[in-house]
Structure formats: structure tokens, C-alpha cells
Amino acid sequence: MEGAEAQYTGSGRLDTLPNSLFIEETTSDEGSMDGDLEQYEDSLEGISSALLEPGDLFYCRSSVAKGRDQFGIFLGLVGTQPQIFLADGRWVADTNMITWSSPVLRGFATEQDLIPIRKHLPVKTLEMRTDDIDLPITRSFASDVPHVDGAVLMQRMATISAATLDFRRNNLQLMDSVYERIADDERYKSVLLDDIYSEVLDLKPGEVPFEAQMAIYLELRKNSTVIQPVALNPTIPSYVFLPKKLAKRFEQVCGWARQYQEAAADAALGKNVSLVLGQNPLTKFIEKARRSILKSRALRSPTTTGCLGPSSVQSFVDKKVETKDTGIVFSEDEKMILELLWDCYIRVPPTVYRNKHHSIGSLILRAIGAYPKLRLEREIGGLLLQELGVSSPWADVVDRHTALPIRGRRGADKIDFLFAESEKVCDEIGLTENPDRGLLQDSMAHLREDLGDLPVFVVDSVSTKFRDDAYSLEPNPDMPGSYWIHVHVAHPSAFFSPDHIFGKRARAVNETWYHQTFTQHMLPTPFAAAMSLDGNSPTMTTSTLITESGEVLDVQVRPTRIHNIIPLDPLAVHCALGRPILEQAYLILGQPSNTDMTPVELPSEDVLAQARMHLPTLQKLEKLLEARSKARRNALPEYADFPTVRNALKASVYNVEDYDPDRLSKSYHYMGDPTIKVVDDRHVSILRLSELDRYHALTTMVMTLACESAGKWFADRNIPACFSGSTTQPGSPLSVLNNSDASDTGRGLPLLKTSAAPLPHVWLDTNTYMQFTSPIRRFRDLLAQWQANSYLRAVADGLIKPGDDAGKIQLSLSRQMVEQFILEEENFRRVRPMIKGDHHWAFRALFRAFHFKEAQLPETWDVMIVRRVQPGQRHEDDTGVRGWLRPFNLSVRLLKSPEGWEKSARPSSYMPVKLELVDLALGVVFCRPVGGPSDTPHHNGPFQIVPKAVSS
């Protein structure tokens, strides 16, 4: 500690990070945009392929056609490689084409217009091989289109450019006011581009001319200091606006930084600057930062990947990691500096465009002097905040995101308001104290059919908080050999309307969000508890009349009441039916006393016996559902049967403190680390779609049937709802996909879609499919229930006959309202993987186990080879070969080996490797091969890793 402090206060610069682990890197902090994007290399590849149609016009930058951003016309895909005709007369085949949330002018060019351009383009993906490695790299390329063939479209794009400039010139004052009109004083604001149009131009999205859209888009880009695009869903572009008060405060910080820089220059000339520095808030901040960093390094080692290692002590209080105050209190001025650093370095979505705030952040990092041999970029800024004690070393993106519908987070003011109001209503009704349905009014009570003593299976684990679905089987006495499969789901829509505060809350959060450190329920907890299925529950029942050959004869949807509940454990049902249980791999780190070290528990004999009591009924259900799966496939001329890789990774975390919205202003360090449990399939499960049924849970198969039947019932009556579907991509018909390899990243898998009208679902072999089984936790299911309620009331009131077209009545939501929701929902679908967090915690567990020896890891691992890309700049030995670490499916970058083993890598092969670096900031494991590839894994034994204290 004293030696480290001497390095800070002495005349020399710090030569190495105390307790540093990794390689030294450049001191330059001026990274290019390409360098900043390297961490998104894998996700950016082909990102535009599913978002554009041939002939669409958009604004872009090509990674190979160097020069200005410009208009481009999407020509189509060859494999996964987009082809674009640029406004300057060149064509590009560019996998890493960047659009930055550009507006899109659909159908700008017709297929006929594109013919003269396409004849100059390659007809297959451009590939090359380098460094004697067998795996090809997709090669981006640009070339000229003869003027005679490109002139017409070039002129049309030039006309659009001119119109955009004219619109800006004629509306300068309006363009300059975009930020002031939309930004909030206090909070981050995430706004859809369409809503920005409405706010600025007072026009509906469909009424905004394209040149006006482009003028606003370019204005947003120009103000990158306070406005940044959200790189989540290019289909529905949105932007984050910095709060006005923060923008003003950041200007103050920039002023202090300039003064500090000028003082440093004067000091170099021999001038006395002590008075100037003493008055500058940065001076005290830097002094406090150095003190805090020294205290942090007494506990944790910093790493060049921008993360602190685990604590040298492990202490817990009330099942939470113990904290130790640094004794440092930040002034209001210093909190402003912290806010700027937070915004620059760890805010999510990250800033896409580098701006002056990054330069100020780099200046502060240099002045502190704690990271002299590191490139001062995003991850090192995050490391500083960890060492300052204002951010946890394991902070998840969920807690740093300004555009997620998660309560308490920055930018979630609307969510906070809706939650507070809905909870207030629960208090007023009395639900908070007593979650009893009797306190609520059932609008469908007069239509409910009482199902009497019909045995109803509720198959949920004991930890399930709200039970929202159940199922039953009933022979059809009118037709021997046929059966009614009933799916009974909770019926919350019968107790409130879409305009009720519960409905507004549900729409705003879209679904129940499950994370390792919290669960956010779509509906208020007391209300959801009242809706949970029990022995006298109002339900919405979807009934399917099915034959033993899997033919569906009839579908009914009706409000019901169930009584005879039979609770069963899902794993017990699985075991009782003799369905396969896959071997599990696990990695567990942390304190044994803080969690159960058993990764997977098989059901007890008592629990199994309960399931076996009903085995004949369960087996009959299984046979009927398997027959239905076969019948779906048999009904199609060609069905989807391509191989897929099962993703079973699941991470659990313990001992983490609750989220604190004021965390950035509090300085304390952690005297311990979370306990992490990571579980995955031991072996890669590559299965064809037709093979999945034997691995699916029975409940999954039942719910798939219910959603298929509900989709048909809604489609037959022309009821608008959120129909799910999928369609094949051009160039990737089922005949090609069914003969593809599971690791073939060039295959264009069927695209998932949602529509207010029915559409086929290629993945599931169904003509219609609509989620209708989880209305407590999914808004689209709740929306469908409201629609069904309206229709069933209209039938009961004699307004229409059963089966009539719903166009004759007024539903709860019009088709236009449903379509608007579908557009909104796209954003939620993009952020769902981000909220889940399994890979975040799996990487952190491996980081601690490998670099800090918290567990005994294998000497060598298997990597399943996937593809090759252009080698990144992060490591000089990067070969560009990419794969998945097995088990746990963590992203791998393969490094050069002395023997050149990587040269024979091939897709889907397994290569033995040694780990070299777990890069938490990049989300990548760097590995070096120690042997050649094979068709089967090199390691097949059990993979069961627990903390050293437990294993010993």
C-alpha cells in the first residue's frame, strides 16, 4: 500500500498496475470508430439483412467503400452478405455495413430498376483464405458500376439529397430546436424516431416526407454530444436524449477540464499554477480518486480488460456481500464529474459516436495517472468507476441501461409512475393486504362454464410464484377415439380493461422480466397472486378435439371455472414419462454456505409417486401430442427439419445487493463477491426440429397445441391479435436449410415475424400460431384475451352468431391499435437477451475461476468451431477463427498455435484448447489450440466444478 502510494506521489509515472494480471497496451486513447466497433464484431455481421427489402433506400457507411456516409439502395443478400448500390456509383458487398438507425424509404427502386446494377455483382458470397487456414473469411468488396447502368438511380439519390438539404435550409430554426423540444430536464429520455417526427413536425409518421425524415435524422447525428442512437432495433430506430440539466453540468465539467489542461501547460513552462488548480473542482476529485483507488487495490486487483478481480477477503452480512465505506464524500461538483464519466463509459446503450465528453473523460483518466500503459477507452473508464467505489465490479447492463422498462433505472420514470399508481390501486382495493379475487369484479362471470370435478393438472415447480396455466384430458363420448385436450389459463382480462392502470402498466413493461438479481412482474404482485390458479379459479379455456392420428376436428375458446386442481412437479412428469434427462455440466463459485452446491435436484420419490398416479392420462396426452406433431409435418409438402443447437445455459446469482438508484454518489468497496452457479448441457445437443419433441417437456407440447388452436380460432373469426409466424428468407428455402449444418452461419434461418393477421410458422409447421397461455406475464396474451372477451360477449348478447366475422362488432382493440402495439413490441424483443444475463454471469464465473484460481479448472477444453472472420485488433495472435467454448457456449476467439493447429479448423469440428484470457469487457474467451480438430469432443467425462473449499 505504501509502495503504491509512493508511486502516485513521487516524480515518476506508475510503471505497472499494482497486482495487474495482463498484457501492457498502447497509451493512445484516440481510438477510431472501427476500433470502437470491434467489440460488436459478431453481432454486427449481417445485422441489416433481415431489416431491408430489395429496392429500399437508406443512409449508410460501408467498411470497404471508404469515404463519406451516403445513400445506398439495398439490392439483396447473397448468403448473409448484403449487397448495396451507393450514391457515388459503386456497388458493395459488405457484411459490416453500418446504417446507424437510418430512416428507410421502402420501395425506392423497383426490381426492374435494379436489373442493370445486379448484372455487375457477384452471385455468391465473396470469400478468401489467408494464413493457410482452411476456413474462409467472408470478404467485403466494392467496385464501380458503369455510369450508363447506374446513372438513373444515382440521379434519383442525388435528388433526394438535394431535397433533404432544401428542407433543412427552409427549417433551420426548427432543426436547431430538436434537442430543446424533446429532451427532459431531469431524466434520460429514450424516444422512437417516429415520435421525434411527431414532436418536431406535428405530423403522424406516415405523413412525414422522406426528405424531412432525413433532415431530422442528420440533425440528431450532428448533436451527438447530447443525442445518441439506440443500437437495439434498426427496424424501429430510437434515440437517447441526455437530460438538459446534465448537459449544462457537463459543459461546466468541460470548462474545468480545459482550465486544468491549460494549467498543466503553464506548469510545463515553469509557471506557478497552484492557485488555479486549487480552485478547480477537478483537482480535489483527482486527489479523492487516487485515495479511493489505493484503498480498492488493497482489496482487489485491477485488470486490463476493465474489470476488478475478486476481493482478497470474503465477508457477508444478512446474505449480502459486506461493504466498506471509503470515507470519501463527493461534493456536488464532483458528482457532476462522476455523472459525465458514467455517461461516457458505462452507460448503456453505449455512445455510438465519439464526442467531446470522451476527450474530457480521457483527460481525467490521464490526470489520475492510475492507468498509464492502457488504452484509455470504455472499459478502463468503467474500471475507474469500480475503483472509485461508485460502481460494483459485477455491474450488469440492466442497471446501467437508460432505455429498458425496468423500475428504478435511469430513463424509467414512466415505469416508476405506473408501478406506483398500480400499487396504490391494489392498496385501495385491499389486494395488498389480502390478495382475494372476491375483492374484484369478474366481467365474464355470467358466461363461465363450471367444469365441475374435471381433473386439471397444474405442472409447476414449488418455486413458481404465480400459476397461470393448467391442462386436462377428456375422452369425447360422441366420437370414440377422439379426445378433448383442454388448456386452462388464468383470466386477468376479465377483471380490468386495457385503459385501466393495470393494463397501462402491463403494456409499458410488455412482460414479466426475469433476471438473476430481480424479477419484475408485468401485473401488480397482489393482483397476480389473486389470479394464480387454485381450486376455484376463473379461467379462459382453449379446447382442442383431436384424434389419435393427430387430426384436429374442432376448437373451442370459452370462459370457465376449474375446481379439481392436481399439482405436479414438471421434472417428475418428465421422469415418469421416461423422457430423456440430459447430463448437466456445472461451474459453481463462491461461499458454500450461501447457496445450495447441488446444481440439479432430481425429484424425490414422493414427488415422483404423485406423477405416476396419473401416468395413464399423461401417457395418453403424450401420444396425442406426438401424433399432432407428425400430422402437422405430414400436411406440408416440405417441412422444416434443419439441425439446431440447443441452448440450455442458465446462471443463478446470490449475495448481490439490491439496485440503488443513488449508487453513483456513494463510495464504498465490496468485501466479498457474489456466489455464481452456472449450469449447461454437458454435451452439445445438435437436433433436427423433428427430434425436439422427445426432449420437450410435456407442458411445452400442450401449450404449443393450445397456441396453434387459439390461432386458428382467432383466424377463422378474423379477430386481430398478435399472431406469431416465421418465413424463409430469399435464397434459403427449406430444401437448402434441411441439408445445412448447425454451425453454418451463412444459412439464412426463417425469420420470426408478428402480424395482426394470421401467418404460417415455418419453425413450428403450423398455419396459424398465437401466444395465448400466459396472460399474467405476457401482454400479447392479455391483449388476445381482451379480444376474445369482446367476441364472446357479442355472441352472448346476440349481436353475432358463433363463428361470425369479428368485423361486424367493436372489439376491445381495433386492428390499427394491435398493429401499433406490434411495432412497439419489437423493441422489447430486442432487449430480452440483454435482460436475461446468463452469459454475463457465466463469463464472470469463468473469469474468477481461471484468472484468480477460485476453482480447479480443466487444463484443456473443447471449442466447437463455427466460422472465421477478419482477425480483430484486440490480440496480435487472433486468427479470426470463432467458436463456442464447451460447455457453456461462451464466445471464443482462437489464437495462433506454434504448431498451426488452427489451420485445419473446420465448421462443427471440436478443437482442444487452453484458455489464455477471459475478456469480460469484450465478452470473449481467448484460447490457443493444443491439438487438431476432430468430429467429436476430446473431453467426454463429467464436468462438475465447485469452489476449492468444497471440492477439497
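Lys-288 is buried, its relative accessibility being 15%, where buried denotes under 20% relative accessible area, exposed over 50%, and partly exposed the range in between (1.4 Å probe, protein chains only). This is a predicted model, in which local features need pLDDT of at least 70 and side-chain atom pairs count only at pLDDT 80 or more, while totals for chains, interfaces and linings use all residues. Residues are numbered from 1 along each chain as its sequence is written, and side-chain values use heavy atoms, with hydrogens and water left out.

Lys-288 pairs with Glu-334 in a salt bridge whose closest N and O atoms are 2.8 Å apart; the term requires a side-chain nitrogen of Lys or Arg within 4 Å of a carboxyl oxygen of Asp or Glu. Because Lys-288 belongs to helix 12 (residues 281-297) and Glu-334 to helix 13 (residues 332-345), the pair ties together parts that are 46 residues apart in sequence; helices here are DSSP runs (H or I, at least four residues) and strands likewise (E, at least two), numbered from the N terminus. Glu-334 is also buried, with a relative accessible area of 3%.

## Other salt bridges

Glu-379 and Arg-874 meet through their side chains in a salt bridge of 2.7 Å, N to O. This pair links distant parts of the chain, 495 residues apart, with Glu-379 in helix 15 (residues 378-387) and Arg-874 in the loop between strand 31 (861-868) and strand 32 (878-886). Glu-379 is buried at 12% relative accessibility, whereas Arg-874 is partly exposed at 21%.

A salt bridge of 2.4 Å, N to O, joins the side chains of Arg-579 and Glu-622. Arg-579 sits in the loop between helix 19 (570-576) and strand 23 (584-589) and Glu-622 in helix 21 (residues 615-634), so this pair ties together parts 43 residues apart in sequence. Both Arg-579 and Glu-622 are buried. Elsewhere, Arg-168, Asp-176, Glu-219 and Lys-222 are linked in a network of salt bridges, and the count for the model comes to 54 salt bridges.

## A buried threonine

Thr-699 lies in helix 22 (residues 698-716) and is buried, with 18% relative accessibility. Neighbours within four places in sequence aside, Thr-699 is in contact with Val-459, Asp-469 and Tyr-471, contact meaning heavy atoms within 4.5 Å.

Asp-202 is found in the loop between helix 8 (193-201) and helix 9 (210-222), and is exposed, with a relative accessible area of 69%.
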